[in-house]
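Please examine the sequence and the structure shown below.

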Amino acid sequence: MTRTWILPTLFALCGLLVATGLFLGGSRGEAAALLLMFALLAAMHSSLVFPRSIDAREAQRRSEVDGRPIVYWRPGCKYCLRLRIRLGRRARQLHWVNIWQDPEAAAVVRSANDGNETVPTVVVAGRPHTNPAPPWVREQLASSE
């Protein structure tokens, strides 16, 4: 759970340190802009951008009932963030599982990716797909409705 917040916390602290130095040096506008940039980076790399995660077993159970894909992801992954942003509102229709919060989910991802924790791994109808294109995921979501 703590490693989920390491990167966002580092972004926030670095931004605060740099902005404080600029502010004390008299560059208030520059300090505010830099602090805002680091705050945005921290937010983008946190769990806050993603729909609420569930555990792997619950995701599998729900997917069997409604046919929707499961997305295994982790905070700080730029490919997961790309998928999330490109799916827009439709992302909430998927079952999201954070592999850093669920060891069983990490094991599922490793078994699908030759022992690597490569994310996003999207499971559609029991078949894993590593880092699929967002339009393809949207298409899979449309076919499950």
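The text below treats the strands and then the salt bridges.

The model is predicted, so local features need pLDDT of at least 70 and side-chain atom pairs count only at pLDDT 80 or more, while totals for chains, interfaces and linings use all residues. Residues are numbered from 1 along each chain as its sequence is written, and side-chain values use heavy atoms, with hydrogens and water left out.

**Strands**

Helices (H or I, at least four residues) and strands (E, at least two) are DSSP runs, numbered from the N terminus. Strand β1 comprises residues 70-73 and is covered on both faces. Ile70 and Tyr72 on one side, and Val71 and Trp73 on the other, are all buried; buried means under 20% relative accessible area, exposed over 50%, and partly exposed in between (1.4 Å probe, protein chains only).

Two strands pair if DSSP finds at least two bridges between them. Strand β2 (residues 95-98) runs parallel to β1 and is joined to β1 by four bridges. Within this pairing, valine 71 stands opposite tryptophan 96 of β2. From β1 the chain passes through helix α4 (residues 78-87) to reach β2, and this β-α-β crossover is right-handed. The term right-handed applies if, with the strands pointing away from the viewer, the path from the first strand over the helix to the second runs clockwise.

Strand β3 (residues 121-124) runs antiparallel to β1, and three bridges join these two strands. Isoleucine 70 has valine 123 as its bridge partner in β3.

**Salt bridges**

Side chains of opposite charge can pair when their charged atoms come close. A salt bridge is a side-chain nitrogen of Lys or Arg within 4 Å of a carboxyl oxygen of Asp or Glu. The whole structure contains four salt bridges, among them those in the table.

| Salt bridge | Closest N to O distance |
|---|---|
| Glutamate 104 and arginine 57 | 2.8 Å |
| Arginine 61 and glutamate 58 | 2.7 Å |

Glutamate 104 is partly exposed at 30% relative accessibility, whereas arginine 57 is exposed at 61%.

Arginine 61 and glutamate 58 are three residues apart in helix α3, and therefore about one helical turn separates them. Arginine 61 is partly exposed at 45%, and glutamate 58 is partly exposed at 22%.
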